[in-house]
Amino acid sequence: MAHHDHGKHGGKSYWLDRKQNVAKVFYALIAVDVLWLAADFLYKKKAEFDAWGGWADGGFGFYPVYGFVGAFLLVLAAKQMRRVLMRSEDYYERRRDGGAS
Amino acid sequence: MAELLLSPPLLLMLGSVVLAAAPRNVLPRTVLRALLLALPVYSLWRFWGLDFGDYAQFELFGQTLTLVRIDPLSRIFVVIFHLAALIGSVYSFYVKDNFQPLVGVFYAGSALGVVLAGDLWTLFLFWEVAAVSSALLVWVRRSGRAAGAGLRYLGMQMVSGVLLLAGIVLLRHEVGAAPGWAEFRNLTGFLENGGLGFSNLAATLIFLAFGLKAAFPLLHSWLIDAYPESTPAGAVFLSAFTTKFAIYALARAFPGQSELIWIGALMTAFPIFFAVIENDLRRVLAYSMTNQLGFMVVGIGIGTELAINGAVAHAFADILFKGLLFMAMGAVLYRVGHVNGSDLGGLYKSMPITTGLCIVGAASISAFPLFSAFATKSLIMSAAVYKEYFWLWLVLLFASAGVFHHAGIKIPFFAFFHHDSGIRCKEAPRSMIVAMVLAAAASMAIGLFPLAEMWFGVANPFYALLPYPVDYDVYTTTHVITQSQLLFFSALAFATLMRTGLYPPELRSVNLDADWLYRRVGYRVWDGVATAFVALHRAGYAVAGRIAASALATAQRHLGPQGLLGRSWLTASMTLWVALLLAAYLVVFYWRLK
């Protein structure tokens, strides 16, 4: 994620400029996520919905799974939308190709 | 008269006009700015002293119009619109020219006129003033793109105005007086039937007029098109008012209208896909705004006290955190010259304060515990759960994860972190930072008030502003843990996609949206029609010319100097013809007589 260009602009180097530190952030995020998942053992949830056998809002790990899968698929779907929807930056500035009528 | 002139809408509108008209040598810039800031402060202070009821009524064309009607629903919007005018003005002092804050305060006044209007004529009046004054805030960028976007923006706002006017005229025809909200509700049978079902044409037209400004799906693209083309300060003012008074109008006229639930659900879901692939970070925020408006629309559609409270509270919070995010991106635009995600990165080194404040805005919109949306959006989510809308709840939950993804992570990440773009600039100007601190502090306060109430028994001043009494615990164990799980695993998905290279790169591009229908298809159709008309005109002109030319030639042949009917005849031949005529007459006469 971070380039090795610290010092290139004569500025000081920052902690996040080092690639291994960015990796540390990532692993820290995984650790935090494991803790949040484990939090599901610490209390009792009451399911409001009967759907999906009460797993939807009462079961173990529903929110983590839904958050991860939802966000993951969101990005992959949006990426595919580009095939249909993406145009060059000056798309609307270019008027008729044939010139003035 | 004083009551009329000192009412919040007129005070802000006339005040800004007077300040704009004052000559520079009489009113130095700093004095003008102090007076400009004093306007919303004084107006809010005056307003605070008033009880619920009708004020500033006046006669116009034989109708009694009510400029100010204060009730629990209008009050909260009046408060936030004053705050937004104040924060937006402070922010806009980064330029020497005072045009933007003056127009902004005027526009805020018109928005106050909408939410305080006691009848639909007054509402319409301010509805239109807001449309025109806000278009100025798009044009103030003074670029070719802004000129086009502003024109399209004004066009769409006028469509909303025309729909509203048509609806009011129909309604006027049926009730026979200046239609107020009470008449509107009686007529549409809301109170009896729990929803009007659109059997009434007037109600349908008004619903669409409100819906256009609330950015309903397919009617939303003016927002995406115009707001990001404005100046840094212009976008901050724009983001606060129009869409939120549309939410107010929907909450006033259509609470519990079940169509709103699915319209709103669609609004929460579809913009987040666009936001993921959009490169202009202020346009990402515009998509994000449609998404947040969706939550409010859902709340109004559910229509319970909890849901309406949630919708209104979320509108209040959104003005602050969306304003904060627009301010942060505006600061980047001001310092760097653009907000393209593809060309930014590493700005935390140059703009650490803006980065921090942007992260507060990102946490607020993402509804992290301790931040504002957690204390507002939760009301809507819970209302959906209590009414057992399972699929709706799933959509809203997906949209919540999506909000965090595109607004909470994408905005700060691509602007301030990601790879170092090499851009080195100055920190945001002082006026911008002051305004951002105000919005960030307010966002955090909204998130922290329920906690203060729970732990220290301090009454929650924000919930006290809501239209209905609040009996709801935000910070339950379940709620804090599940929301954190949803957000942190959404973050994990982002980080995983980035590290695996699956995340789509930011590209300089335009993505087609509903405005394609009028900017491309509509333009082509219009162009085709115009070309056809020109061709038709030319062909018609040619045919008509040919007919005229041949008529002229025929006339020339017969009537000209050499033509049979036109040439000079000899007297002798004339005499001969007369003699022949008389002879023929004689023959006929003789024959008839016989």
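Chain A is divided into domain 1 (1-43) and domain 2 (44-89), with bounds that come from an automatic or database domain assignment. Four residues from domain 1 of chain A and five residues from domain 2 of chain A make up the contact, where two residues are in contact if their C-beta atoms, placed from the backbone, lie within 7 Å.

This is a predicted model, in which local features need pLDDT of at least 70 and side-chain atom pairs count only at pLDDT 80 or more, while totals for chains, interfaces and linings use all residues. Residues are numbered from 1 along each chain as its sequence is written, and chains are lettered from A and ligands numbered from 1 in the order in which they are written.

| Domain of chain B | Residues |
|---|---|
| domain 1 | 1-254 |
| domain 2 | 255-504 |
| domain 3 | 515-547 |

Taken over C-alpha atoms, the centres of domain 2 of chain B and domain 3 of chain B are separated by 48 Å.

Between the two chains, the contact takes 44 residues from chain A and 48 residues from chain B. On the side of chain B that touches chain A, α22(B) gives the largest share, 19 residues, helices (H or I, at least four residues) and strands (E, at least two) being DSSP runs numbered from the N terminus.

Strand β1 (residues 86-87) of chain A pairs with β3(B) in the antiparallel sense over two bridges, and two strands pair if DSSP finds at least two bridges between them. A:Arg87 stands opposite B:Val510 in β3(B).
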